[in-house]
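Subject: Structure handover

Dear colleague,

Here is the structure I promised to pass on. Please open it next to this message; my notes follow below it.

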Amino acid sequence: MKMNVENPWISKLIALFFAIVLFSFVAYENESRNLSTNPTDGASITSSEVITNLPIDINIDRDTYFVSGIPETATIRLEGPQAILTQTLATQNFTVETPDLDELGPGSHTIELEVEGLSNQLEYSVMPAEVMLEIEEKRVEEYEVRVEFNESAHLEDGYRAEDPILSTETVTISGALSTMEEISDVMVVVMPEGGSITEDIETTLNVLALDETGDPLNVNISPQQIDVTIPVRGTQRTLPIVLEESGVPNEDYEYALEIAQGEPENVTITGESDTIEELNNFVIEVDVSGVTESTIRTIPLNLPEGITETEPEELDVLIRVNKVEPAETDNGTE
């Protein structure tokens, strides 16, 4: 039987059929697009991410207990919807932490690390999966700090180190009871670069808590660093002053040298020990060139070789001048 397409009813039915097919096709395409782009839909894309070097929060009463064996950082692997994972990585509103260790008490324990603050749509795994730790009672004590300095290896010959000056002479140390009982020495080691030092040493150093064998111990020290000053002085000796005339004296005058009133009669010298030991007095040369009347002159104290400092650095000297009377000539006759 031949279909009469010129019949208006037949044409309307054919148009309706194609409209339904076209509508169904468009609706199907839109639904597929929504399923592939909607991040909260159950059919959304799943992804994973690995995050390293995350600090571990330790849940314990730090005033009562000291815990050891827990690594500083952990690694976690996250898996879940891409959109949720992206938002989680951007905000970082989660933490890796231990369970409540106060409930475990002192002793050796094995725990699993936990991640708090994650969306329940994400799954995670932590590395290390398990941690072996030790919980001990905590002890807090104060210790005096000792300074170790080998002056013979670093100071110039003839110089010595005076008592060190510390920004604080005591530190507070806390740690596990068993470790605190091993503390044998609390010290700083002064090791300036090079030798032949003649000036004060100023440095900032870490404080060390050591056992009997000299190995460092796992304890907390406060403050961890202190400022150290070591005054450096040369060998000193006090010598009597000897005044000696120098220069070109006037033949018409006689000179007498005296230490001015109020001035010291001795000088304290600083320098190399060998040089100092050879001296019995300290000679000060007074230049009388051009002097024709009594006067007081300020004489700087010259430093002999091997001497680095004098106290005082200058001295007032009285130069007394007397005119020389001409000798009488005997012109008498027999």
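In these notes a residue is called buried when its relative accessible area is under 20%, and exposed when it is over 50%. Keep in mind that this is a predicted model.

**Helix H2**

By that cut-off, Ile84, Leu85 and Thr88 are buried in helix H2, which spans residues 82-91. Where do these buried residues lie when seen down the axis of H2? They fall within an arc of 100°, so they line one face of the helix. The general rule behind such a pattern: an α-helix has 3.6 residues a turn, so residues three or four places apart point the same way. Gln87 and Ala90 are exposed on the other side of H2. The cover over the buried residues of H2 includes strand S1 (46-57) and strand S3 (73-81). After H2 comes glutamine 92, with a positive phi near 55°.

**The chain as a whole**

The chain has 334 residues, and 31% of them count as buried. It holds five helices and 24 strands. Its accessible surface is about 22000 Å², with 46% of that belonging to carbon and sulfur atoms. Take the contacts with a separation of 6 or more: 71% of them are between residues 24 or more positions apart.

**Cores**

The largest nonpolar core has 26 residues. Which of its members touch the most others? They are Val145, Ile173, Val186, Val188, Val190, Val207 and Val228. S17 supplies the largest share, three residues. There is also a second, separate core of 24 residues. Among its members are Ile60, Phe94, Ile111 and Ile135.

Now look at valine 228. Leaving aside neighbours within four places in sequence, valine 228 is in contact with Ile165, Leu166, Val188, Val190, Ile201, Glu202, Thr203 and Leu205.

**The sheet around S17**

S17 also belongs to an open sheet of three strands, in the order S11-S17-S14, with antiparallel pairing. S11 and S17 run antiparallel and are joined by two bridges. Isoleucine 165 stands opposite threonine 229 of S17.

**Serine 174**

Serine 174 sits in strand S12, residues 170-176. Is serine 174 buried or exposed? Its relative accessible area is 11%, so it counts as buried. Which residues does serine 174 contact, leaving aside neighbours within four places in sequence? They are Lys138, Arg139, Val140, Met180, Val219 and Asn220.

**The sheet with S24**

Another open sheet has three strands in the order S19-S24-S22, and its pairing is antiparallel. Strand S19 (253-259) and strand S22 (295-300) are the edges, each pairing on one side only. On average, neighbouring strands here are turned by 35° against each other, direction ignored. S22 pairs with strand S24 (residues 314-323) over six bridges, in the antiparallel sense. Threonine 298 stands opposite aspartate 316 in S24.

That is what I have on this structure.

Best regards

Key. Residues are numbered from 1 along each chain as its sequence is written. This is a predicted model: local features need pLDDT of at least 70, side-chain atom pairs count only at pLDDT 80 or more; totals for chains, interfaces and linings use all residues. Side-chain values use heavy atoms; hydrogens and water are left out. Two strands pair if DSSP finds at least two bridges between them. Helices (H or I, at least four residues) and strands (E, at least two) are DSSP runs, numbered from the N terminus. Axes are lines fitted to C-alpha atoms, for helices over the stretch in contact, and angles run from 0 to 180 degrees between N-to-C directions. Buried means under 20% relative accessible area, exposed over 50%, partly exposed in between (1.4 Å probe, protein chains only). Contact means heavy atoms within 4.5 Å. Accessible areas come from the Shrake-Rupley method with a 1.4 Å probe; for residues, only the protein chains shown count as cover. The arc is that of the directions from the helix axis to the C-beta atoms. A nonpolar core is a set of buried Ala, Val, Leu, Ile, Met, Phe, Trp, Tyr and Cys residues joined through side-chain atoms within 4.5 Å.
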